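Reader: I would like to go through this model term by term. Please set each value against its cut-off.

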Amino acid sequence: MGNHSSKQQLKRLRDTDASSPTISKKQRHETLVELQSEQRESESPLLLPSSDSLKKIDVPSASGANSDLSASSTSVNGNNYYVFLSFRGPDTRKGFVDHLYQRLKAVGLRCHPNFVFRDDEDLPFGEKIGENLISAIERSKVSIPVISENYADSEWCLRELIHIMKCKESRGQMVLPVLYKVTPKDVRHLGGSFGKAFESCKDKFEEEVKQQGPLALRKAVDLRVYESEKFADGREGELVNELVERILCEQQHDLPPDLPVNLVAIEDRVTEVMQLVDLACPDTRIIGIWGMGGIGKTTLATIIYKKLFDKFQCRSSLRDIREEINCKGVEHVQSLLISEITTNPLCSVHKFDIGIAMIRLSCENKKVLILLDDVGHQDHLDKLIGGCNFGLGSRIIITCRDKALLKSEYKRYELKVLNPQDSLILFSRCAFEGEQCPTGLTDLSSNIVATTGGLPLALVVIGSLLKEKDQIVWEETLEKLRNAPYEKVKEKLRISYDTLEYEEKQMFLDIACFLIGTDKRIATCFWVDLNFFPNSSLQILINHSLIKIDYNNQLRMHDQLRDLGRAIACPADKKPWDYRRLWDEKAME
């Protein structure tokens, strides 16, 4: 009987408050335009809807809401939410808020099943509803109060906003206020119909809410607000897109980088670099990891960055700097660095000299963690960290091929090739999905491994190529490897490319020349128009370790394989106008 009564109570609350549809897995988008606007689909905790008219059912006071709450005292123990929506149900539930909610749902920002807080189902019977919602606010990364005409006539909406602003001040929670068909002036001064709504109900409110509610409204309006009537001339779809974009950018900042699989002999190397990092040392340290291409510098640096990730509030990981600068300019990379350090996605640099000045200002006396991957020239370092006065305890990690780029005062670490034993282990993991070679292929495996010179990339690509192949193919591959010059890495990698069918080769070259960092679904649309069968071909490229799909669903390729593809597409003995693929400004000219 008690359970039935509780269910009925929650149903009544749902009928009068902001309801929450069930979140499903990310949905496949049908059109190319939609895909291009949603390239990032990182996974993280997503969305928490609010309830705006809980009356006075077990609601903690506004001032004491935080004092009695703990992880063990609420039914959301162990859950973390990303976005908390605070809104007045009758005003916006079926319109603007629903559009925003569905758009967030579509981009699929989640990483575990307990990411939705629903007041009609997720509250265990007997739990205090108010405490759970207040705790959920505290566990959210971003809050979006949608302040509409009747927002202030709800005591619970004001309680939510009071606590949201407290979380901003005490925890740095991101708050993105939306003024839905109300003006900043009316919200700040309780004027117009907005003020009348508050005046008509305030006598029913507790004294704390009457006093702190208007103050929280003023604080919210003092932030950067989104006015629904002014943003994009009142086009609400554009406002929804802007809010989602802001959240995506913020959410990406919170995700540590993805790590590769099949790591071999990495523990000792990580330990050695961590000794150079030495977090116990209060000084700023710049650590340079150098070595030949394909040797695993990015992998090692990424592991180090991930180990340090949660110890720094200001952090940035910039990958493929040499390629990014060549394709998009140093100003683009400067913009990324500033955006990540300041968590401001709106930063845009148009002149490199202004860019480095902005970087210096952004990093001034801040304890920062920065990873600069694949730096190609001293000029890159000068325009990204040159003259920066980092705060005590900062750590800058650089990867490059040329030791000369690393100053003597840097902590330098040379990454060397794998020894024969570790090389055989890595090769076997890729070729046999285990560390032991079958008896009949032991000698062949050892001979093939010897031709790779202990280079991890070559071991992975060749091992993946030979997986489940007949012994005769192994013998032919060994002969080809022996005929390739020992120091010519690309010649060894090309052996795998040469085994591909025509369609797979074309897709490999398209990725190398144009599509690195592109959403897989967008690229698939192009290839379908060419009457290719992209899904099966992509799987073959992945199985051969020639490409990979990252956690953002984007196409990725090692820089050595990228350079191989571009060399094949643009042979040195041909003129640019004879190339079948053109991509940079020089080629276009």
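Reader: Why does Cys167 count as buried?

Author: The model is predicted: local features need pLDDT of at least 70, side-chain atom pairs count only at pLDDT 80 or more, and totals for chains, interfaces and linings use all residues. Residues are numbered from 1 along each chain as its sequence is written, and side-chain values use heavy atoms, with hydrogens and water left out. Buried means under 20% relative accessible area, exposed over 50%, partly exposed in between (1.4 Å probe, protein chains only). Cys167 has 2% relative accessibility, so Cys167 is buried.

Reader: What makes Cys570 buried?

Author: Its relative accessibility is 17%, so Cys570 counts as buried.

Reader: Why is helix H25 called largely enclosed?

Author: Helices are DSSP runs (H or I, at least four residues), as are strands (E, at least two), numbered from the N terminus. H25 spans residues 559–569, and nine of its 11 residues are buried, so the rest of the structure largely encloses H25. Among the buried ones are Leu561, Leu564 and Ile568.

Reader: What do the buried residues of H25 pack against?

Author: Their partners are helix H13 (321–328), strand E9 (368–375), helix H19 (456–466), helix H21 (489–498) and helix H22 (502–515). Contact means heavy atoms within 4.5 Å.

Reader: Which residues touch the most other members of the largest nonpolar core?

Author: Leu300, Ile511, Trp527 and Leu541, in a core of 46 residues. A nonpolar core is a set of buried Ala, Val, Leu, Ile, Met, Phe, Trp, Tyr and Cys residues joined through side-chain atoms within 4.5 Å. Another core, of 31 residues, lies apart from the largest one; Ile321 and Val368 are among its residues.

Reader: How do you know that E9 and strand E10 pair?

Author: Two strands pair if DSSP finds at least two bridges between them. Five bridges join E9 to E10 (residues 395–400), and the two run parallel.

Reader: What makes E8 and E11 edge strands?

Author: The open sheet has the order E8-E9-E10-E7-E11, with parallel pairing. Strand E8 (314–318) and strand E11 (411–414) each pair on one side only.
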